[in-house]
Amino acid sequence: MPADPSPRLAVEVRRSARRSRTVSAYREGDRTIVLIPARMSEAEEQRWVGVMLDKLAAQESRRTLGDDDLSERAHRLSAQYFEGRAKPSSVRWVTNQNARWGSCTPSEGSIRLSHRLQGMPEYVVDYVLLHELAHLLVPGHGASFWQLLEAYPRTERARGYLEGVVAADRLPHLLKDRSE
C-alpha cells in the first residue's frame, strides 16, 4: 500500500535542475517538502514521495516520546479524528504489557501503551493511540468501534505493520521447532 500523507499534512514536491540523483525531504511547519531531480517521471516522483514520508516518520518515531508528549499527542488525535470527544485523564508508556500494544480503562479515562511501540513508525503509534481513544467512546470491538477508526487513513496499514511484528517475533521459534 503506498504511503499516504495524513489529511492535515500537505506535501510539496520541489523539482530542481541542479539536483541530478538525490532525493531529500524535511518538515516545514505543517508541510513536508520533498526535493527531487527535475528529470524524474511522475511515477518515480510518487514512489519517492512515499519512501521519503516513511523515512521521515521513522526518524520522528525514533525520538522517544515522554508521557507528556504522548498525552499531548492523544489529545491532538482526539481533536483531529473524534472531534475532541475522547478525553483521556492519563496517557503513559508501560513496560508490563508484552501481550498487547495498549490498554484503556474507560471508567478512569486512562490509556497505557506498551514500551514495545517505542521506535515504531509514527503512524503505528498514532493508530494504537486512536484505538485506545476509541475505547473511551465505545468500550467493545463492535461495528460502531471500528467505524470510529475508519476516520484514520492508515488504520489498515498500521494493523498490517503490527501483525508483521507479531509474525516476525514468532518466526525464530518456528524455525527452531522445525530444526529439532
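In which helix is E72 found? The views below, taken from a predicted model, begin with the whole chain and then turn to this residue and others.

**View 1. Overall fold of the predicted chain.** Five helices and six strands make up the secondary structure. Along the sequence, these elements follow the order β-β-β-α-α-β-β-β-α-α-α. Of the 180 residues in the chain, 38% are buried.

View 2. E72 is found in helix α2, which spans residues 67-82. Together with D67, D68 and D69, E72 forms a negative surface patch. The relative accessible area of E72 is 55%, so this residue is classed as exposed, the cut-off being over 50%.

**View 3. The largest nonpolar core.** This core contains 30 residues, among which F82, L113, L117, L129, L130, L133 and L162 touch the most other members. Two or more residues are contributed by each of α2, β4 (90-94), β6 (110-114), α3 (122-137), α4 (143-149) and α5 (155-179). Helix α3 provides the largest share, namely nine residues.

View 4. T155 lies in helix α5. Its relative accessible area is 13%, and T155 is therefore classed as buried, a term that applies under 20%. V124 is 31 residues away from T155 along the chain, yet the C-alpha atoms of these two residues are separated by 8.3 Å.

Notes:
Residues are numbered from 1 along each chain as its sequence is written. This is a predicted model: local features need pLDDT of at least 70, side-chain atom pairs count only at pLDDT 80 or more; totals for chains, interfaces and linings use all residues. Side-chain values use heavy atoms; hydrogens and water are left out. Patches are made of residues with over 30% relative accessible area and no salt bridge: like charges are joined within 9 Å, nonpolar side chains (Val, Leu, Ile, Met, Phe, Trp, Tyr) within 5 Å. Accessible areas come from the Shrake-Rupley method with a 1.4 Å probe; for residues, only the protein chains shown count as cover. A salt bridge is a side-chain nitrogen of Lys or Arg within 4 Å of a carboxyl oxygen of Asp or Glu. Lys and Arg count as positive and Asp and Glu as negative; His and the chain ends are not counted. The place of a charge is taken as NZ of Lys, CZ of Arg, CG of Asp or CD of Glu. Helices (H or I, at least four residues) and strands (E, at least two) are DSSP runs, numbered from the N terminus. Buried means under 20% relative accessible area, exposed over 50%, partly exposed in between (1.4 Å probe, protein chains only). A nonpolar core is a set of buried Ala, Val, Leu, Ile, Met, Phe, Trp, Tyr and Cys residues joined through side-chain atoms within 4.5 Å.
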